[in-house]
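I opened my notebook to look up a few things in this structure. My entries follow.

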Amino acid sequence: MSSLKDRKIGAGRSATVYLDHLPDGRATARKIFVGSTLAGLVHNVIFGANNPYIWHQGSILEAACRRRVLSALMKLWLPGKLRIAEIISVSWNEEFRANEITMEFIDGRAPSLHHPYSSLKETEIQDLVENVMKPLQGLLLDAGFDGLAWQAGYGNPVATSNFLLETTDAGEKRWVWVDLESGVPALFPANPKLLFTYYLQRTVVNGRPLYDDVDVPKLRDYIAENKNALLDVMSEQEYEALCVDVSGLIHKPDDWRFMSRLQRSIQSKFARGKISEEETHYYKKHPLRWYGRQAKEGVSKLAQKVGSFFKESKLIKQLGTLLPKIKAFMFLPSYRTQLSRLLVGRSIEDWQKRRQLTEREANVLKHEMENSESSLYITDFGVLMALKPFVKVTTLAIVFGLGAFDVIGLLGGIIGYFSGGVIVRTIYTSCRIIASTARGTSRPWFALLLGFIPVLGNAAYPLQLLYEGTRGGNGVAKFIIYDIMARLGRAVPIWGGPDTLVEHKANSIGDLLIRNRNALPEAAE
């Protein structure tokens, strides 16, 4: 059987999720709280220690109670529309030295992005946001889940990635809330108004930022006031179990929230086996020595990461084969065509892995890419994408060099950075126009014009293809445009990433760029 690491099915700011199975064969998702490096840095800056779900047992037990409470309340709140992924167990993972939650595996997918065959599914993101997340946010706040509204999208565009769409045995669609544990404190909303009217206010009241906090007295009052309504959707025994779980949300004396920064820092290291119990007592009495040790470890880790980067860099490993590839890229049209198809093909496969494209839809696009009359424009796009990393590195080096000698300022540096791609696209397309004129074939004037526009210029050749209305290749051209827009959304710092609202908003911009969007028939399942 493959190792657990080989069965990774997802990763976020708070944890990595692995596919596993119970002894009876039932599929499960094991959420191991290892967290991302950036999220760990945020926690250490704000709280003095890494994510408490990683090292604090009380936090993981509280998370389990919170999931059970919300699973029960969902029967009243959004029946048939939303449910909570069933929790099976919580435990300590000795291999990763971190807490873990085992829950049912949800065979679902994120809301559909826009692509050439998605017109029947594009209302999914609106349904999730308007009919699930917004009502859920209000219900959570009314019931006292002050911090958990963050995971439901209250000012947090990343939260759409916490929900999956499943198909029931009856063939109906239903949303499942799979990720209820935050990766970072609720202090970075995309809506500035909510930052000042809610999150900062709660930070002042609590003395720290919200982090999945629950106002237990308020929750108890809410459950008591709605007892009759709850008993209409659950048994007396289920209601009593709900009340017991609510009591489990009361903070214990050893809760991480009551610890000082020093205590949290030391206890997190002790829990993960980084220091002994004897060292724990010692460093509590000598905080300066503890922080000195932390600083030394930080510098050492940074040096290791830098060394590891240069040691393991694929560019350095493949330096001996790089020159022949550059030569083939420059002088062999067949190599450029092969490389271009490989780049686009990988994007199609990535969308298929994310279940944004069905296997049939992916195969249709790949077949079209291999056999359409538009392969030349697809090659042009691939060539510019292949050049993009080199152009970025070169442009940054030039910009920083000019900045270091005070030749340009900040504004000049920004303009220079975006100008790199424009210059390369203009030179390349100008050469293409000259070559096309000599052959008497169609000249990509539209691509030349679009190439002057930062970001959008990356889609110049797919848009040229759609502009000309070339027979064949339109599906691939449209896919490339939607993919570029989605990549732009995923690249947005803090609020971007896969399946976030930012990715969906950016991806939908593709509709504005594509003519005759509904010209392609839906690919059959």
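Which residues does Ala 64 touch, not counting residues up to four places away in sequence? I found Ile 87 and Val 90. Contact here means heavy atoms within 4.5 Å.

**Ground rules.** I am working with a predicted model, where local features need pLDDT of at least 70, side-chain atom pairs count only at pLDDT 80 or more, and totals for chains, interfaces and linings use all residues. Residues are numbered from 1 along each chain as its sequence is written, and side-chain values use heavy atoms, with hydrogens and water left out.

**Ala 64.** I placed Ala 64 in helix α3, residues 57–77. Helices (H or I, at least four residues) and strands (E, at least two) are DSSP runs, numbered from the N terminus. Ala 64 counts as buried because its relative accessibility is 5%. The term buried means under 20% relative accessible area, exposed over 50%, and partly exposed in between (1.4 Å probe, protein chains only). I also checked Ala 64 against Ala 477, which is 413 residues apart from it along the chain. Their C-alpha atoms are separated by 46 Å.

**The whole chain.** I noted 22 helices and eight strands in the protein chain. Its C-alpha trace spans about 80 × 60 × 50 Å along the principal axes. Of its 525 residues, 45% count as buried. I looked at contacts with a separation of 6 or more: residues 24 or more positions apart account for 64% of them.

**Charges.** I read off 65 positive and 54 negative side chains. Lys and Arg count as positive and Asp and Glu as negative, while His and the chain ends are not counted. The centres of the two sets lie 9 Å apart. Each charge is placed at NZ of Lys, CZ of Arg, CG of Asp or CD of Glu.

**Arg 30.** I found Arg 30 in strand β3. At 17% relative accessibility, Arg 30 is counted as buried. Phe 105 is 75 residues apart from Arg 30 in sequence, yet the C-alpha distance between them is 8.6 Å.

**Aromatic rings.** Rings of Phe, Tyr and Trp (its six-membered ring) pair if their centres lie within 6.5 Å; planes under 30 degrees apart count as stacked, over 60 as edge-to-face and the rest as tilted. By this rule I get 18 aromatic pairs. In one of them, Phe 33 and Tyr 53 have ring centres 5.4 Å apart and planes at 40 degrees, so the pair is tilted. Phe 33 lies in the loop between β3 (27–32) and α1 (37–47), and Tyr 53 lies in helix α2 (residues 52–55), so the pair ties together parts 20 residues apart in sequence. Both Phe 33 and Tyr 53 are buried. Tyr 198 and Tyr 199 make an edge-to-face pair, 5.0 Å centre to centre with 80 degrees between the planes. Tyr 198 is buried at 12% relative accessible area, and Tyr 199 is buried at 0%.

I then traced a cluster: ring pairs link Phe 33, Phe 47, Tyr 53, Tyr 211 and Trp 256. The charged end of Arg 208 sits over the ring of Trp 256, 6.0 Å from its centre. The rule for this asks for NZ of Lys or CZ of Arg within 6 Å of the ring centre and within 35 degrees of the ring normal.

**Helix α19.** How many of the nine residues of α19 are buried? I found seven, so α19 (residues 460–468) is mostly covered. Among the buried ones are Tyr 461, Pro 462 and Leu 463. The cover includes α16 (375–404), α17 (410–439) and α20 (474–490).
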